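User: Hi! I have a structure here and would like to go through its side chains with you. Could you take a look?

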Amino acid sequence: MKNIIEECYLNMENKEKIFAVYSDINSEDKKLTYGEIKNTIIAINKIIGVNNYKKAIGILIENKLEFVKAFFAILFNGYTVVGIDPKISEEGLDKIIEDNKLTTILTNDNNISKLSKYKDKNIINIEKINIQVNEKEKLLPIKSNFNDIIIISYTSGTSGKFSKGVKLSNENISFVSEEYKKVYKLDENSKIITVLPLWHNYAMFACLTSAMRANSEIIIMNEWNIDNFIYILFYIL
């Protein structure tokens with residue numbers, strides 16, 4: 001079984017390839033290339049540095065291209081991803097921050113106000129950082145072993161007041177992403193419509209990490225809209 005971090009690093013050599021498209025029938029489609037993802041990783045690196053998957057960083061972003069940028073920037077700088085529901089209660093957010101000892105959270109314009117009380121945290125608005133980098137700056141390969149915890153996914157389970165964080169290793173993610181790739185017969189020409197929330201484990205793995213594994217493209221919808229879905233079917237796919 002191949003290491004998903006190492007394999008995806010190789011995929012990013014194709015800088016012009018589109019990895020994600022944000023589709024909204026009421027506005028112009030937005031596209032995210034591997035080149036732009038690499039620039040984001042480098043730009044975030046200048047703020048947070050490199051870790052060895054011993055520290056977690058939260059993402060508080062809805063289904064937007066900024067989530068994808070944040071996801072890659074965390075993983076490929078050697079941190080563990082903690083996806084957070086943008087609709088979470090203040091009490092629930094406190095619990096996730098405390099449980100994972102989060103000192104850094106990546107967010108966007110729509111959600112920055114929800115984090116205003118956390119004055120002691122490093123809150124990074126990914127829409128405000130400068131992601132234009134010198135062409136000579138290269139993305140250094142990050143070493144991730146199969147036993148490294150790379151994602152902490154929150155799931156409600158069947159009891160308890162709060163969702164529970166499940167620690168998932170590189171091996172877990174590599175395996176399940178490979179299985180989705182096989183089941184859905186994904187390859188570099190595939191396009192995956194993504195409407196379920198990316199912070200949740202199903203969309204994160206069935207769509208995002210499986211696309212990373214297969215070098216496929218994801219098409220992101222922020223919410224279910226039948227008109228937008230039909231538009232995607234006829235004009236994007």
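This is a predicted model: local features need pLDDT of at least 70, side-chain atom pairs count only at pLDDT 80 or more; totals for chains, interfaces and linings use all residues.

User: Which residue forms a salt bridge with K121?

Analyst: A salt bridge needs a Lys or Arg side-chain nitrogen within 4 Å of an Asp or Glu carboxyl oxygen. For K121 the closest N and O atoms of the pair are 3.8 Å apart, so the pair meets that cut-off. The partner is D120.

User: Is D120 buried or exposed?

Analyst: The class follows from the relative accessible area, where over 50% means exposed and 20% is the limit for buried. K121 has 22% and counts as partly exposed. D120 stands at 63%, and therefore counts as exposed.

User: How many residues apart are K117 and E90, which form a salt bridge?

Analyst: The closest N and O atoms of K117 and E90 are 2.8 Å apart. K117 sits in the loop between β5 (104–107) and β6 (122–125), while E90 belongs to helix α4 (residues 90–99). K117 is partly exposed at 41%, and E90 is exposed at 52%. The pair links distant parts of the chain, and the separation is 27 residues.

User: Which parts of the chain does the pair of K128 and D109 tie together?

Analyst: These two form a salt bridge with closest N and O atoms 3.8 Å apart. K128 is exposed, with a relative accessible area of 61%, whereas D109 is partly exposed at 34%. The two residues are 19 apart in sequence, and each lies in a loop, so the pair ties together the loop between β6 and β7 (149–155) and the loop between β5 and β6.

User: Which residues touch the most other members in the largest nonpolar core?

Analyst: That core has 60 residues. Apart from it lies another core of 13 residues, among them L93, I97, Y118 and I152. The residues touching the most other members are F19, F71, F72 and F76.

User: Is N11 buried or exposed?

Analyst: N11 is found in helix α1 (residues 4–11). Beyond four places in sequence, N11 touches Y34, M212, R213 and N215. With a relative accessible area of 14%, N11 is buried.

User: What distance separates the C-alpha atoms of D29 and I219?

Analyst: D29 is found in the loop between β1 (18–22) and β2 (30–33). Leaving out residues up to four places away, D29 touches V21, Y22, S23, D24, Y231 and I236. I219 is 190 residues from D29 along the chain, yet their C-alpha atoms are separated by 9.8 Å.

Key
Residues are numbered from 1 along each chain as its sequence is written. Side-chain values use heavy atoms; hydrogens and water are left out. Helices (H or I, at least four residues) and strands (E, at least two) are DSSP runs, numbered from the N terminus. Buried means under 20% relative accessible area, exposed over 50%, partly exposed in between (1.4 Å probe, protein chains only). A nonpolar core is a set of buried Ala, Val, Leu, Ile, Met, Phe, Trp, Tyr and Cys residues joined through side-chain atoms within 4.5 Å. Contact means heavy atoms within 4.5 Å.
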